[in-house]
Amino acid sequence: MKKILKWTVLLVLAAAVFLVLGVVADGWKLYRNAVEARPVTEAVAAVQSDEHYTTLEQMPALYPKAVVAVEDRRFYDHGGVDPIAVGRAVWTNLRTGTLAEGGSTLTQQLAKNLYFTQEKKFTRKVAEVFVAWDLERLYDKDEILELYINSIYYGDGYYGIYSASEGYFGKAPADMTDYECTLLAGVPNAPSVYAPTVNPDLAAQRQRQVVDSLVDTGDLTAQQAQDILADS
């Protein structure tokens, strides 16, 4: 009986390893096909060529800090993939039996925006990782953050910070207030939920999460956070 149990466990483990290797191989093929059809440098250049491309220097200083604080707090420390976030996502997904949490970094999200669909598939996630490593090799962190902010979807048909700032607030990104910065930074996580034109109450709740994150990272004091939220 013990021998049967032992061999059963070994067979299950072997099957799991082959399954993982198959997913990685398929993800690699998806990645190679994508970057061979359009190299990473070309995909990035297409984003940067937009007439409304907005550099970090053209944004309020608080905005990129807010994005990092709420979306990828270890952004400047990881190499494109955050093992801590991945572990947390795997545990959550195993516990819930879904793919509800992806554990993606800002670099991985940029990779997805440049090449892939939003469909949650393991092969796509693997391909996304390979593109993220290319991005981290070719560009510095500020360039990656800038590209992310200029390509992410903000809801209501707005892609990129310029379109979102003009659409929601009627002003260029440089003119956004701290209140508007923290409100907008919370939208990309779930644009259909947090867009201020869709559900102002949920947008406000998400904004408070952004402000709390900025306090946690030391980018805002408790008093500054309170003042920002009071501007509503």
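In sorting residues by class, Ala, Val, Leu, Ile, Met, Phe, Trp, Tyr, Cys and Pro count as nonpolar, Asp, Glu, Lys and Arg as charged, and the others, Gly among them, as polar. By that scheme the lining of the second largest pocket divides into 6 nonpolar, 4 polar and 1 charged residues. This is a predicted model, in which local features need pLDDT of at least 70 and side-chain atom pairs count only at pLDDT 80 or more, while totals for chains, interfaces and linings use all residues. Residues are numbered from 1 along each chain as its sequence is written, and side-chain values use heavy atoms, with hydrogens and water left out.

Among the residues that line the second largest pocket are Ala-46, Asp-50, His-52, Asn-150 and Ser-163. Two elements, α2 (40–48) and α8 (161–169), each give two or more residues to this lining, and α8 gives the most, with 3 residues.

Elsewhere, helix α3 (residues 62–71) packs on helix α7 (residues 141–151) at an angle of about 90°, with their axes 11 Å apart. That angle makes α3 roughly perpendicular to α7, a term that covers 65 to 115 degrees. The contact (heavy atoms within 4.5 Å) is made by Tyr-63, Pro-64, Val-67, Val-68 and Glu-71 of α3 together with Leu-145, Tyr-148 and Ile-149 of α7; by class, it has 7 nonpolar, no polar and 1 charged residues.

Arg-137 has its place in helix α6 (residues 122–138). Is Arg-137 buried or exposed? At 59% relative accessibility, Arg-137 counts as exposed, since buried means under 20% relative accessible area and exposed over 50%, with a 1.4 Å probe and protein chains only. The C-alpha atoms of Arg-137 and Gly-79 are separated by 8.8 Å, although these residues are 58 residues apart along the chain.

Notes
Helix = DSSP H or I, 4+ residues; strand = E, 2+ residues; numbered from the N terminus. Axes fitted to C-alpha atoms, helices over the stretch in contact; angles between N-to-C directions. Parallel < 35°, antiparallel > 145°, perpendicular 65-115°, else oblique. 1 Å grid on protein atoms, 1.4 Å probe; cavity = no way out; pocket = protein on both sides within 12 Å on 5 of 7 lines; lining within 4 Å.
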